[in-house]
2 protein chains.
Amino acid sequence: MTTINSSVFTTETMTVPGGTETILRGGRDLFPLLPEGFHGIEKIGVLGWGPQGRAQALNLRDSLAGTGITVSVGLRPGSTSADDARANGFTEENGTLGELLTVAADSDLVILLIADAALAAQHETIFQTLKPGATIGLSHGFLLGHLQASGRDFPEGHPVIAVCPKGMGDSVRRLYQQGATVNGAGINASIAVHADPDGHATDRALAWSVALGSPYTFATTLSSEYRSDIVGERAILLGAVHGLVEALYRYFRLQGSDPITAYERSTEAVTGPIARTISAAGLPAVRAALSGADQELFDRAYSATYLPARDLVAEIYDEVAEGTELRSVVLADQRLATRPMTAIAGSEMWSHSAEVHERRATTTTALDPLTAGLFVATMTAQVDEFAARGHAWSEIVNESIIEAVDSLLPYMHARDVAFMVDNCSRTARLGTRRWGPRFQAAYEQLALPALDNPADAKAIEAFLQNPVHEALAVAAELRPSVDISVS
Amino acid sequence: MTTINSSVFTTETMTVPGGTETILRGGRDLFPLLPEGFHGIEKIGVLGWGPQGRAQALNLRDSLAGTGITVSVGLRPGSTSADDARANGFTEENGTLGELLTVAADSDLVILLIADAALAAQHETIFQTLKPGATIGLSHGFLLGHLQASGRDFPEGHPVIAVCPKGMGDSVRRLYQQGATVNGAGINASIAVHADPDGHATDRALAWSVALGSPYTFATTLSSEYRSDIVGERAILLGAVHGLVEALYRYFRLQGSDPITAYERSTEAVTGPIARTISAAGLPAVRAALSGADQELFDRAYSATYLPARDLVAEIYDEVAEGTELRSVVLADQRLATRPMTAIAGSEMWSHSAEVHERRATTTTALDPLTAGLFVATMTAQVDEFAARGHAWSEIVNESIIEAVDSLLPYMHARDVAFMVDNCSRTARLGTRRWGPRFQAAYEQLALPALDNPADAKAIEAFLQNPVHEALAVAAELRPSVDISVS
């Protein structure tokens, strides 16, 4: 699953711990190859105008300008997103905005970006309207999991491909725009070819990924993508971050910190200096930035946290891989009809966001060693669990590290963690509510009470020697040509 | 499911809100009827020596002394429980202690009290060893859920009955002993008849329940018992209590309380005066015990808590009813082979248990109005959700109130909450770890931040008019002849 065979694009071999992976380096210089890559595709229909639908429709249209390949947006009747789509140039008048099923019936590549629950409810109707041989496009593996749970699969005769950006939709668009004047920028993406009846599925997936602006594209399977994606957002990408800052804010307050200091030592440290240090120089750089008693505290915090965090990631992984998590999402979605989703920003800490953000003009947030130890241990636990479950290194570093430090945490820094969570998919929002409290409890009941134990020299050595650092360094050479800037 | 037809025991009709339920009042005066009730049963085999196995084997043996019906205990080879069984008179020498399958093969009533996961793994082997027509006895509905999850059922030709004490095993034994000099005491139990090929299943279930010392016995189905039992322990019986005291202890500390005061206002208030008040006089008595500003705070706390708690109970109910919770328990059990169960008493608060307990000699714990509001709202939310899902009132009040205030909370008061959780079944221990943090987060992020909102007059009125108070009052007339005393 980690090789890519293309007759259109020139791939590269990337050395990763224990082997190699085939990747495609992106860039605007490849846009002339897009028509050949999109073999047989004249009309692309993007169904849905959530953050991913919006970003992908816009990037695809911009990248394909002048090629004759059109991009249309399909929305359910009465969708409140129609106005924003029109404001962005997708209109009924120019034939690029229509009803969901009309656009599905008219397109050669139908990209399914409606919400998971809607997809679970409507996929059969959509499949029935497709042109013969039309390519089915996905941006994550949820639908495969849903189909497999009831012993089904995608309809015969249709290529089924996925291009899965490793970042939220808004960042997919924002980086693409911010990198327009250099040779492009964007969010790394994985591709998966699930069905290839005409032999052109891989090239179409690569073309789609290049058109989105992906700095580099790696290969996976729908199943592997689904598992790492759903587990990752429940763990280090969203759930663990929320649980971490809820636990640490109260911890610092109980240790005597005033609210602003407690906020800065927890949330601000994670979304600011810790994320930036990892982004720029990798995980060991966080520890190396500390010295003396601070580094020793980092080591104790790391040692106290790694196992409880690993246990939780393993639990989430089992639940996702065995289908219980997906079933829970469907049940939760049904309850939303009568019980609205609960608020996630209710804790007192979030009332201090504005003041902390104002203080950025005059203060520099320190890299808190305790917070850093808990966060880095949790991130490493996810990396190790993914490696133990056989994921490719590109998938591991993108789903566990790069998506966090280059996409989500900068957004959390610009707004706040709770706000950010509720700008993600409903599946992610529900998952954060399910698992964030579990991480909080693990930190409060297991990690923080063990802080006084001496550091575990073996755990620290394993961290310093972890092969992920090599894998991340290789991936970092392919990172976007610009850092994301969140206004 | 709420009527009982017996040719041996004289049942009574109990008036409950909206109708009636048939119940059997227990008592040692009924012991002469046990041989007739246990129609065709000469040998009872109790498999397992956990808290329930131990209590039931001892109570059955004592109640059946002199009848000629024998009680034997079956254990897996090498069980560490064998010594305690021998110390209690179940020995190889007198033929009442043997290997699991040997005892199963030799008994007319085989009571399955090994751990859920072991039962899931071994039930087929056990079924194959049974005598023709031997009665299968359960003490909760887990196995039915497990069988149904894979489209199976119990083997044909065997009566299948359940007697489900609404309290932990230790209390089943302790109350039986403490009530020996009056006309008996024990823990209320529900019975379910799942298969009745010879027409004597109901009488056997009633005899078993009477022999355990149940003050009153009510009827349910295995499925209904399973759902209320598993949901209840995840919510108000264990999970919500743990989440509540973890949240409130930190809350009071952050409000300026010292550790001892914070412990007393949270844990001590729940396990002491709140539980005792409900046990003696019902839920509204908690509010009535408060006046002025305290009652007003109770009302605000109740109003802020009810909906978030109800949402969570509904979520747990869905997960249990749809089988995902059971699947998660099986997955968790598999992980225990390589990852030991995490500690649950790690929070700093538990280090103060001993000092708080010592202070009981000289201080009286107040009924904290804030803690009371959160706890009573959560208990009422469970009651209302169970009623909405169609459970019988006897089941609702026993699984939501009586088991809490007359069995579990007194034990938590004697030791502490965290200790108590880990003296329950593995299914309950795992469930508390899964759901306790969810309740904590709901209290911290939703209920406590809403405390300053005015009380919801409609919610308070609905609480005061709740039909559960009438149902609990009727059940209370049948309560044990002695209060439990935990040394």
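Chain B can be laid on chain A with an RMSD of 0.0 Å, using a turn of 180° and a shift of 0.0 Å along the axis. The two copies are thus related as by a two-fold rotation axis. Keep in mind that this is a predicted model.

**How the copies meet**
- Of the interface residues of chain B, 100% are also interface residues in chain A, so the copies meet through the same surface.

**The sheet in chain A**
- Chain A has an open sheet of 10 strands with mixed pairing. Reading across, the order is β1-β2-β10-β9-β8-β7-β6-β3-β4-β5.
- At the edges stand β1 (12-16) and β5 (97-99) of chain A; each has a single partner strand, so one side of each is left without a neighbour in the sheet.
- From one strand to the next, the twist averages 30°.
- Further in, strand β8 (residues 160-165) of chain A pairs with strand β9 (residues 189-195) of chain A in the antiparallel sense, over six bridges.
- Within that pair, A:I161 stands opposite A:V193 in β9(A).

**The sheet in chain B**
- Chain B also has an open sheet of 10 strands, with mixed pairing and the order β1-β2-β10-β9-β8-β7-β6-β3-β4-β5.
- Its edge strands are β1 (12-16) and β5 (97-99) of chain B, and each pairs on one side only.
- The twist here averages 30° from one strand to the next.
- At the β1 end, five bridges join β1(B) to strand β2 (residues 19-25) of chain B, and the two run antiparallel. B:T13 is the residue that stands opposite B:T22 in β2(B).
- Helix α8 (residues 201-212) of chain B packs on the sheet. The strands it touches are β2, β6 (109-112), β7 (135-138), β8 (160-165), β9 (189-195) and β10 (216-219) of chain B. The direction of α8 makes about 25° with that of β8(B).

**The second largest pocket**
- The second largest pocket has a volume of about 1200 Å³.
- Its lining takes in 49 residues, and B:P51, B:L113, B:I114, B:A115 and B:S425 lie nearest its centre.
- Elements of chain B that give two or more residues to the lining are α2 (51-63), β4 (70-75), α5 (116-129), α6 (142-149), β8, α9 (222-237), α17 (393-414) and α19 (426-447).
- By residue class, the lining of this pocket splits into 23 nonpolar, 16 polar and 10 charged.

Technical notes:
Residues are numbered from 1 along each chain as its sequence is written. Chains are lettered from A and ligands numbered from 1 in the order in which they are written. This is a predicted model: local features need pLDDT of at least 70, side-chain atom pairs count only at pLDDT 80 or more; totals for chains, interfaces and linings use all residues. Side-chain values use heavy atoms; hydrogens and water are left out. Two strands pair if DSSP finds at least two bridges between them. Helices (H or I, at least four residues) and strands (E, at least two) are DSSP runs, numbered from the N terminus. Axes are lines fitted to C-alpha atoms, for helices over the stretch in contact, and angles run from 0 to 180 degrees between N-to-C directions. Contact means heavy atoms within 4.5 Å. Copies are superposed by least squares on the C-alpha atoms of residues with pLDDT of at least 70 in both. On a 1 Å grid over the protein atoms alone, a cavity is a set of points where a 1.4 Å probe fits but cannot get out, and a pocket is an open set with protein on both sides within 12 Å along at least five of seven lines; lining residues have an atom within 4 Å of a point. Grid points are joined across faces, edges and corners, and a volume is the space filled by probe spheres set on the points. Ala, Val, Leu, Ile, Met, Phe, Trp, Tyr, Cys and Pro count as nonpolar, Asp, Glu, Lys and Arg as charged, and the others, Gly among them, as polar.
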